[in-house]
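Here is a short report for a reader meeting this structure for the first time. Look at the model, then read on.

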Amino acid sequence: MSSPRTLFDKIWASHVVDTLPDGTAILYIDRHLLHEVTSPQAFEGLRLAGRKLRHPDATIAVVDHNVPTSDRTKPIEEPESRNQIETLERNVKEFGVPYFPLLSASQGIVHVVGPEQGISLPGMTIVCGDSHTSTHGAMGSLAFGIGTSEVEHVMATQTILQKPAKNMRISVDGELTPGVTAKDVVLAIIGKIGTAGGTGHVIEFAGSAIRGLDMAGRMTVCNMAIEAGARAGLIAPDDTTFDYVRGRRFAPKGADFDAAVDYWRTLPSDEGAVYDTEIALRAEEIEPCLTWGTSPETVLPISGTVPDPASETDEAKRAQLQRMLDYMDLKAGQKIAGTPVDVVFIGSCTNSRIEDLRAAAVIATGRKVAHDVRAMIVPGSGLVKAQAEQEGLDRIFLDAGFEWREAGCSMCLGMNPDRLTPGQRCASTSNRNFEGRQGPGGRTHLLSPAMAAAAAVTGVLTDARELAV
Amino acid sequence: MEKFTTLSAVAAPLPEANIDTDKIIPARFLKTTKRTGLGVHAFDSMRYREDGSENPDFILNREPYRKAEILIAHENFGCGSSREHAPWALLDFGIRCVIAPSFADIFFNNSFKNGILPIRLPRDICDALMQDAQMGANSRITVDLARQVIIRPDGAEIPFDIDPFRKHLMLEGLDDIDQTLKRENAIETFETNRKKDEPWFPSIELDD
């Protein structure tokens, strides 16, 4: 009888091709997701070395980071963005990689597209040249972001070199109170363990409150595992997962699906499996959360007040807190609720799925975007957009004064024209609030889709529960 | 990849924690399809003022640190985005070594692939090196990878750890793809077994 193993241990062990003398594993990769920003140098490297792309049939490419989210029948205005997209198109053609082009209904953010198409499945190893690849861990897979040199390594060998990570389990038990969402849960977790809390670990999110999340919520939680410094985040696959996968375009069908489910049911961590680190949170104690500073760990409940650097004993930390306050134009001790916003961004690989848009629409229904606020909805994929339009969500948003845009990464990182201007304050459903992330000088508050919609209609940071019917 | 053997160079102090890869190279500069040319944008928001002129307060805009090849920083260096443009920008600026109490995992990996040596040392030792780095013209330190020591300006030696496989690749300037392809048989065996054990495993094929 072998010793009890975690979900991570099992996926890891089933993908080790070989182990080097110092313990570095050659790990087999089942799915390689490509986008236009971190792949061109890898394709070029492959070409220069005269190597082939080993498994185009395990690879998928999309354009998402650079693409405009406005009218797509017009040519892309920014020449460098256009060049990167055209470079990807040449590369996928030359190397025979399956590709969802800009005008395809399947185009979207790579981390929305993978699960939605049934490309990302339980038990798989999944990589992409993007740190938010951790999102796919929600499927019960081992998914992590890699650099471009590693992208080239996977292209050439379908493997990656890696040492095993440590196991961390974060359990959220109990029941979330009404109006508290997956985004609040993951923000509360990052607030608790910090941006380096997960370094060297793979985090398994567990507990009844995690099991109770739908797949979109689980993706939101795993998406931000990287913001806690973890290599990956994952959640045990269960019936919620299998129901989600069933019938998706690239998922196994019929008897193959049944065989796959039989295997996937063996994946959850064994009773008695040992974790290197264990963290526990009570679901009932989590309030709607948001960030006040320029690091994702600067989390406050919406009822909270901005911290005072004077209470910090470490000199370097005190200086850093003060710098954040100055950058964010906030005062120590001020209530975070009621702070006026200029822009609201609902989108990104964290929160742009149909469930996220529905949550925002509940708040937007029958209300108007506040005067002087620019509010944007950027669906995660063409399929999400079409679904939302079928449900009439676009009408709700447009009637309320939101912009209804095309799918892409958009203002999460401002590589396309969707950017904050210096000094603008944004309520954003994205994942990073670093200085200048959404545009030079821009100020970002990370929060849930419901909280973002509440900020849009009131013009200030607001507890969305006050607007719920 | 350029070999990394011994480096004697100016070390620049960056006494900040959580220096993220957006700070090292903002997203708007990621539109290149090359690995080179990013050095001019390294630390863009700290290095330049709004009008585009140099910020004279930023350490890398001052002598002798304009020629720094080593950075000393605080915890969690390179957190955030996986962009390899961060080490590319550092390398293009001239940085070959970063010393800090801790690094984000992806940045740590990416650095080795580009011949940049990231060295993890306890905070108190980093603080001592930070003081060395603040000595202006006397801020030169030496990093000897073969012997795994840092030699301070006063000649004192500080040992550091490195993974043996990575050390070997760095010292020889080797491409790790070549190393992996030496074991291509093992990859083929894995793929054969996969087909047998998981016949349901789907491939991605578009109809058109």
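Of the 469 residues of chain A, 60% count as buried. The model is a predicted one.

## Overall form of chain A

Chain A has 15 helices and 19 strands. Its radius of gyration is 22 Å, close to the 23 Å that the globule rule gives for 469 residues, so chain A is as compact as a globular protein of that length. Along the principal axes, the C-alpha atoms of chain A fill a box of roughly 55 × 55 × 45 Å.

## Where the chains meet

The contact draws 64 residues from chain A and 50 residues from chain B. On the chain B side, five helices each supply at least two residues: helix 1 (21–24), helix 4 (105–113), helix 6 (164–172), helix 7 (176–181) and helix 8 (184–197). Helix 4 of chain B gives the most, with five residues.

What is the make-up of the side of chain B that touches chain A, in nonpolar, polar and charged residues? It divides into 19 nonpolar, 13 polar and 18 charged residues.

## An annotated stretch of chain B

An unreviewed UniProt entry places the feature "domain: Aconitase A/isopropylmalate dehydratase small subunit swivel" at residues 1–123 of chain B. Over residues 1–123, chain B is 22% helix and 17% strand. The end C-alpha atoms of this stretch are 30 Å apart.

Methods:
Residues are numbered from 1 along each chain as its sequence is written. Chains are lettered from A and ligands numbered from 1 in the order in which they are written. This is a predicted model: local features need pLDDT of at least 70, side-chain atom pairs count only at pLDDT 80 or more; totals for chains, interfaces and linings use all residues. UniProt positions are given in the numbering used here, feature names are shortened, and annotations may be inferred rather than shown by experiment. Helices (H or I, at least four residues) and strands (E, at least two) are DSSP runs, numbered from the N terminus. The radius of gyration is taken over C-alpha atoms; the globule rule is 2.2 Å times the number of residues to the power 0.38. A residue is buried if 20 or more other C-beta atoms lie within 10 Å of its own, exposed if 12 or fewer, and partly exposed in between; C-beta atoms are placed from the backbone. Two residues are in contact if their C-beta atoms, placed from the backbone, lie within 7 Å. Ala, Val, Leu, Ile, Met, Phe, Trp, Tyr, Cys and Pro count as nonpolar, Asp, Glu, Lys and Arg as charged, and the others, Gly among them, as polar.
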